[in-house]
Amino acid sequence: MASTEPVVRVDDLRVTFPTLDGDVRAVNGLSFEVPAGGALGIVGESGSGKSVTSLALMGLHRGTKASITGSIEVTGKDVVAATDRELRRMRGNDIAMVFQDPMQSLHPQYTIGDQLVEAYRVHHPKASRAQARKRAVASLERVGIPEPGKRINSYPHEFSGGMRQRVVIAMGLMCEPKVLLADEPTTALDVTVQAQVLDLLDGLRRDLGMGLILVSHDLAVVAGSVDEVVVMRHGEAVERGDVRTVLSAPEHPYTRALLAAVPRVEVSRAQRRAADRAERAERERGVQRAEGADAAERGGFEPFTPAAPAAPADGEAPLLRVQDVAMCFKVRGGLWGRTMDFWAVKGVSFDLHRGETLGVVGESGSGKSTLSRMVMRLVEPTRGRIEFQGRDITHMPERRLRPLRKDVQMVFQSPYSSLNPRVTVGDAIGTALRVQGERDTKKVRLRVQELLERVGLEAAHYNRFPHAFSGGQRQRIAIARALILKPKLIVCDEPVSALDVSTQDQVLKLLSELQDDFGLTYIFVAHDLAVVRQISDRVAVMKQGEIVELGDSDGVYENPRSDYTRSLLNAAPLLDPDEARRHRAEREVARAAL
Amino acid sequence: MRKRTLGFVALGAAASLFLSACGGGESDSDGGQSAGAGFNAAESEIVNPSDATGGTLRYAMSSDVDSPDPGNTYYGYNWNFSRYYARTLLAYNPEPGENATELVPDVAEALPESNEDFTEWTVKIKQGLLFEDGSEITAQDVKYGIIRGDFNGGALAQGPSYFAQKLDADPEFNVYESSDPLGEFDAIETPDDHTLVFHLKESFSEFPNILITPQTAPVPVDADRGELYEQHPVSSGPYKFDGDYEAGVGLNLVRNENWDAETDPIRRALPDSVEVELNVNQEEIDERLLSGELDVDLGGTGVGPAMHSRLANDESARPNMDNLFSGALRYVNIHTPVIEDVACRQAIMYAANRDSMHRAWGGTLGGDIATNFLPPAIPGSDPELDLYPSEDNTGDLEAAQGKLEECGMSEGFETTIAAREGRDNDIQTAEALQESLARVGIEADIETYPAGDFFAQYAGSQDFVRENNIGMSVSGWIPDWPTGYGFGQAITDGRAITETGNYNTSELDDPEINALWDQALETEDPEERAAIYGDIERMVLEQAAILPVVFDRAMFYRSAELTNVYFQPGYAMYNYMALGVDRG
Amino acid sequence: MLNYILRRLGAGVLLLAIVTMVTFWIFYVLPRWAGVTPEGMAAMYVGKAPTPEAIAATVDRLGLDQPIAVQFLDFLRTLLLGTEYTFGRETVECAAPCLGYSFTTNTPVLEQLLNRLPVTVSLGFGAAVIWLIGGVAVGVLSAVRKGSVFDRIAMSLALVGVSLPIYFTGLLSLAFLVHTWDLFPVPRYVPLTEDPVGWFQVMILPWVTLAFLHAAQYARQTRAGMLETLGEDYIRTARAKGLSERKVIFKHALRPTLTPIVTIFGLDIGLVLGGAILTETVFSLNGVGKYAIDAIVAKDLPVILGVTLLGAFFIVLCNLVVDLLYPIVDPRVRIAA
């Protein structure tokens, strides 16, 4: 830290977008500084203006309609006032950026070598290709790409997501910038890979003395990697300060709420449920008081399964029994077009009892989605046996399966693509009823409206189209759609992973309430360990198509028996910066041991 | 007889190619005589007379030629054009005006002479005529040209078959299957190298008329390659092929040094070369004609519809336009078996509004109102003849009513008019007729049928006509050769009636008329024959079997760079042999 | 990779065989089913006004009175081994691959096709170059200056262009540019090898006319693709590297935009014969398209059949080339292939 001059100084930054409905202030008076070699976290939920800020730092709003006031200085140069030429000279040279989605942020049609070389030569036009290439290999090596000399000729699609993010980082490092700006660098990645990327960034910062700006929606992601943090909301910084202070003693209520909403892997299902129920009771009392009405009369939606004890009575037949199921896909591989067998799921067994929630956790490619699709009988298992309510549905023909379909519903990950944009919400939810033979339009409407209210929306939303709703609201709609047929089992496939933390929290709460009210049984598939813990009675950890650990959720989290579970838990981002650094150290030791 | 009809079927197909222009043409001025040679100047005089030689005469046409092989062609324009390289026994008189269709000798030394009953004809040919390779043209070469054209087992199917119909020969004879075609074929004798004797089956006084067909051009036996001869016919005329004819693309002619102008009164041979571009868009041809990038539209049917309406409305273009007879009569057949009573047919003749039917053909520029049967260029034709006169040609309703009463149909009757699909002029004619007949209570429906099968399956099918009560059909006819016989025999001789493909569509079968046709073939004097044709004309009209509508005209644009332009009514277009270019 | 190429080639050959069979079926079997007699079929082959002798000769010559199976074998034998035709006293050989003989123009079909191919290839190739470069350039400019006056004019023109028939633009340009203002020579094809300048002068109008229609479509396609690509994250990455806007657009954005266009281009080139029919007719160029339309008018079945097969051959060939080219253009396909 030779210089005391900050490498980035932002003062009273305002970014305004003109829209048809008037100007939108995406960033409204933001100020911060990053000292040379320092690390700053910018945290906020979607719409907080954090990404707009990071683009503004790169001057990437040029050419759009955005108007920018205030000052942005990067290594002493004014980004706002710079000419296009000067700005281009800064980009990648003084300040480099790592974008959110490594799948999308590399050009699919050029080799990574070409892209790295280009990044160097644009700022060093005199450098020869060979020199630039040598640099690229070095850079790739630095970010931990194995065999960089060989891999440099590969195309992006030949890398895994984590490796691709490393390539993007390597590209950012080509010109040894003074600041590295990472905008949600780990969002699309699995936890273990996320941990690796964060570790890498942290290491690079230390080794190269680079300033780091880490932008994320997840406080836990930044906690272990930055010195200072800015919490943003609606374009303004609600809180700014040392990361330890902000996380341990947040001043602003929003920060507090945000922290509270972050699912914590250390909080158990029982704790969470107790807290939720207490809060709900409190809320309902409040409503009762306010309305002076009887809670029972509110909403005619009766529980359709008697609330069952969370722990099953011995001897009761399980709702769902999965025995040694496996799924094999034919994969056309290689240039020679030979088909190979790919076992997405290899022999998974579990029982699921009424009113219980089974969490299925695993990284991408672990087979968890295939498993849920088999349970839904959207695909037919290659072998094994699935019993639902005592009936073997493994190879049941579609026609006989149809009456059972209403008992098993699904909620998908993306609340955007799972709703048809041209169908009103009411129709989207009501269709299933009509499919099942309900003719009375009024009745359908009434049921749908009741349900809309039950999932926290308004009856008046019936005629609106999906685009009028936020992500969280859409997921509520999806849940309502799943509920309309009074199912016994709901399979949730990553239902909250696309949502902001606070929304995520609300949806989890809703799911929990609905389970209480209707005695639902869930299979909850997710990659986020903390989320799974908080909703599941039991947890199954999957890896490469197999369950490596299955047990009572507290047991799995607190005394993991498998190494894989342990490494997952170790990689999980933590809110406590010191704890996070301890974990990082452990990971480094573990890696070094390899 | 069967064969003969088929010959005319081909003619019908040729006639059907006459695309008449629609619309426009309402202005009646004769145009200014100041610039250009004047409107219709080439109809009766030589426009731009000149002896200047040299240059390239450029022809183009919107389709392919049927065949450059003189033995395999049936289109007037090609009979006209092929004379550049194929000299025929006789030819049309190379001068404009009244005598243009007189026959004069070309390869022949003099006009042919016949025996008493016109069954044997003798032709002497000129001595010292040479092919392009310098060898002498003999009577045997002429004989071979004729027989390969008509006796070829179907290989050269496109030409007419007059000789097969008239010569006293085995119709199955095939030159390509005979080891010695000249020796075996004896209906034409060649007593010496310069004499031909034709033996006919029956009297045929108009035999000289068929000696103008390109089939009478000499072809050396050794040069005959069947269908492939068309690629490079051996020239006897002033020009020879430069390279091969490219089907659908074009052909080029250059001077033939072995042609002797002294022997040839027919051809001026002014340009140094002639080129033909084929399959060029009609619109493009017309544009090039106007802009001087082309000299003649080879097809000889005038400009296309688009250019027609443009020129019709452009007074300044008049001096460069010729409005020439297509040679055809446009008429309505009144079917005698369907409308049996002659008085009923005459009622139609009276009631018809010729003026409105004339308008269907584009008025003044579209043609002349026809009140008689024979086209004006044919000897014996009497354009003044009008058996069913009326004021302004709008129809004599009173007389029509009288005729209806006479045939016991005073309230009128119902019938059907057949017309060819897609032929706008035909259909408009039918509509005009329908309207005029309605004035006397004759209710006519109009039915249109596919043009390609109109005679084969519809209006020319006896059964069809009777079953569908088709009382009238709109038709058109052009002469094979410009005499009454060449024009009218096929459509008015009762013995030409056939069950299908019937071109005597009115089914007129009058013993007196039939006898007159026979008598004409035994009459030597053309003027006497013309008188006979005049009688036939009157009788056909009296029988009210044919309702003449118009002698239609086509619009020609006469390039200012063309010299010696005049109308040859025998081909109903300019005489190509006279044309030269003056690019000055 | 070799395996892939071989498989594609095999598929192409198979497709051609199927097209051949379907073509045969359409021209030989279907009319029979529709009740056309062998004589009726023969009449279609001789064209114009045939005599019974000519028809009989043709029935005999083409074996039209034979059973369909025999005819098909004959057809194949002619195609693969060639055949001989007799004219007068002369025998002409039609060497394999013999696409038949036109009795209307008295020429072997293949020979005519080959004679005329240079015209159509000149036309198609030149037009393709113009429409590809022109369309893509306009599309790129429009996308980059989205909403500008240029964009609006270009896209309105493109909309008009897509809906303007070749006949209209062709005749209009002939009437004004050639005949009224004398800006271009009267179109008479001269081979490139004989007179390159003349070739260019003659071909430029037909090129532009044929290209206009496609260029409009390509401009729209390029613009849409470009706008989509410009919104991609990797474009932002490219900008963040400090690349100039020109490099961003022409190196990073254009290539993915062109990828789908390569496919369309391949198909369009294969189908260029369709546009050539109209263009060659309007400009009186004696290419394959003109040959086809003349044959259709003259009901010259052997030629129609030959052109159909040639057209199919080109479409299959172009698809093959696109298939083989695609992995080069888009590396992602290499693995999936």
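How many residues lie between β1(A) and β2(A) in the hairpin that they form? The hairpin of β1(A) and β2(A) has two residues between its strands.

The model described here is predicted, and local features need pLDDT of at least 70, side-chain atom pairs count only at pLDDT 80 or more, while totals for chains, interfaces and linings use all residues. Residues are numbered from 1 along each chain as its sequence is written, and chains are lettered from A and ligands numbered from 1 in the order in which they are written.

**The hairpin of chain A**

Strand β1 of chain A covers residues 6–19 and strand β2 of chain A covers residues 22–35, and the two pair in the antiparallel sense over eleven bridges; strands count as paired if DSSP finds at least two bridges between them. Pro6(A) has Pro35(A) in β2(A) as its bridge partner. Strands (E, at least two residues) and helices (H or I, at least four residues) are DSSP runs, numbered from the N terminus.

**How the chains meet**

Two residues are in contact if their C-beta atoms, placed from the backbone, lie within 7 Å. Of the two pairs of chains that touch, chains B and C have the most contacts, whereas chain A and chain B do not touch, their nearest C-alpha atoms being 48 Å apart. The table sets out the residues in each contact.

| Contact | Residues on each side |
|---|---|
| Chain C with chain A | 21 residues from chain C, 25 residues from chain A |
| Chain B with chain C | 30 residues of chain B, 28 residues of chain C |

On the side of chain B that touches chain C, α1 (2–16) and α6 (282–291) of chain B each supply at least two residues, and α6(B) gives the most, with five residues. By class, this side of chain B has eleven nonpolar, eight polar and eleven charged residues, where Ala, Val, Leu, Ile, Met, Phe, Trp, Tyr, Cys and Pro count as nonpolar, Asp, Glu, Lys and Arg as charged, and the others, Gly among them, as polar.

**A helix crossing in chain C**

Helix α5 (residues 109–144) and helix α11 (residues 272–282) of chain C have axes that come within 10 Å and cross at roughly 110°, which means that α5(C) is roughly perpendicular to α11(C), a term for angles of 65 to 115 degrees. Axes are lines fitted to C-alpha atoms, for helices over the stretch in contact, and angles run from 0 to 180 degrees between N-to-C directions. Among the residues that meet are Leu123(C) in α5(C) and Ala276(C) in α11(C), and the contact of these helices has five nonpolar, three polar and one charged residues.

Terms used:
Angles under 35 degrees count as roughly parallel, over 145 as roughly antiparallel, 65 to 115 as roughly perpendicular and the rest as oblique.
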